[in-house]
Amino acid sequence: MNTDNLARDTDEEVVRRILILTGGGDAPGLNAVLRAFVKTATDLGLKVFGSEDGFAGLMEEPTRVVPLTREDVRGILPKGGSILGCSNRANPFAYVERGAGGTERTVDLSERVKAKLQELEIDILVLVGGDGTMDIGMRFAKMGVSVVGIPKTIDNDLAATDLTFGLDTAVGTATWAIDALHSTAEAHDRVMILEVMGRDAGWIALLAGIAGGADVILIPEIHYDIDRIVDKIEARSPTGNSFSIVVVGEGAKPIGGTVSDITASHESISQRQDGPGAQLAALLEARTDHEIRVTVLGHLQRSGSPSSFDRILGTRFGVHAAYLCYNDNTGQVVALKGQDIVSVPLEAAVANLKRVPPDGELVMVARTMGIELGEK
Ligand code: F6P
């Protein structure tokens, strides 16, 4: 790395220097956050730097940290991904070093990262990330690093905020998939299973299932009774509907089953041939004569241009995070509460996962609409 362009100018003695990174997996809207943050922070007189590929840019030698200016964020609003790159394998507190012959050892590089931040004279570290990244942020805050968080994930499972950006685009893509599957399902009288992301939270499955008019929605929060799903599929035939659309969240399990270990799978291949969609198909095949097909929507849900909602939420988060930095209000995470953007303590972001309440309004609406949720 050429560090010349990272040095503090002598005439910027009092200018605060902020480093931003996008941790974990990508989510649609990340570039909207970066654009809004860089523009606002720069206008407020702050100097902004970015670490490439999450914490990897700070941990690796040579360091991969770049200055970010208004020019760097021009034209990125409609783009998916992150101009800084992402990594969900770059946890400084548990970094897996790979040696010769495929050997692996886990090392703690947090002190190295802290020293690097000091060397670069970074005053505030801004983390755009999900629960894992916020947890890392908490740990750095305890080590004396000033941290500001911006919650991100298509899974919408962060308790700190009512909504995360990325969810809306993912739900839109999943809804498109349900709409598209309807015609082929109907033409062949098949049961079409659509497996969607969300890890241990069923937000994408439930919202897309309602939006797409699914017949069955299975979410991790409600372990399903396979007999109820069979009954639902069979009951549709006499009404002239010989096809069914089933949406299954990747963390969904049958009662007493252990279909999907998302945490373990996250370390290597997260979309497995024997995932929850395939397991549901096997359970149904043993119980009905219907032809069954499985579609795993996978990373399409994180790809493509962000929806206008995600661009707007990302922009709002970016602007507010820049003001938190300007006001030195650190140890905070920006959040959407109702219609407002607020900030909440970092601890709140890692306190617990926000999962779909099984007795909540959305589940009630789905049930009232005749959607089978597999409840016992
Ligand atoms: O957390 C976002 C998410 O897309 C989950 O819904 C999914 O389980 C996981 O990340 C996939 O991770 P990877 O990109 O590492 O396969």
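Tutor: A salt bridge is a side-chain nitrogen of Lys or Arg within 4 Å of a carboxyl oxygen of Asp or Glu. The structure is a predicted model, in which local features need pLDDT of at least 70, side-chain atom pairs count only at pLDDT 80 or more, and totals for chains, interfaces and linings use all residues. Residues are numbered from 1 along each chain as its sequence is written, and side-chain values use heavy atoms, with hydrogens and water left out.

Student: How many salt bridges does a search of the whole structure find?

Tutor: Side chains of opposite charge can pair when their charged atoms come close. When the whole structure is searched for such bridges, the count is 18.

Student: How many residues apart in sequence are the parts that arginine 302 and aspartate 26 tie together?

Tutor: Helices (H or I, at least four residues) and strands (E, at least two) are DSSP runs, numbered from the N terminus. Arginine 302 is in the loop between strand S11 (291-296) and helix H10 (308-326), while aspartate 26 is in the loop between strand S1 (17-22) and helix H1 (30-43). The pair therefore ties together parts whose separation in sequence, in residues, is 276.

Student: Is arginine 302 buried or exposed?

Tutor: The side chains of arginine 302 and aspartate 26 meet at 2.8 Å, N to O. Buried means under 20% relative accessible area, exposed over 50%, and partly exposed in between (1.4 Å probe, protein chains only). Aspartate 26, at 22%, is partly exposed. Arginine 302 has 18% relative accessibility and so counts as buried.

Student: In which helix does aspartate 227, the partner of arginine 287, lie?

Tutor: The salt bridge between aspartate 227 and arginine 287 spans 3.8 Å, N to O. Arginine 287 belongs to the loop between helix H9 (276-285) and S11, so the pair joins parts 60 residues apart in sequence; aspartate 227 itself lies in helix H7 (residues 226-236).

Student: How many residues does domain 2 give to the contact with domain 1?

Tutor: By an automatic or database domain assignment, the protein is divided into domain 1 (10-165 + 306-338) and domain 2 (168-302 + 357-368). Contact means heavy atoms within 4.5 Å. Domain 1 supplies 13 residues to the contact, and from domain 2 the number is 14.

Student: Which residues of domain 1 lose the most area to domain 2?

Tutor: Buried area is the accessible area (1.4 Å probe) that two parts lose on being put together, summed over both. The two domains bury about 1200 Å² between them, 47% of it on carbon and sulfur atoms. Together accounting for 43% of what the domain 1 side buries, the residues that lose the most area are Arg89, Ile154 and Asp155.

Student: Where does serine 87 lie?

Tutor: The side chain of serine 87 reaches the backbone nitrogen of arginine 89 at 3.1 Å. Leaving aside residues up to four places away in sequence, serine 87 touches Thr22, Gly23, Gly24, Asp53 and Gly54. Its own place is the loop between strand S3 (65-68) and strand S4 (95-98).

How values were computed: Polar contact = N/O pair within 3.5 Å; in protein donor to acceptor, adjacent residues only side chain to side chain.
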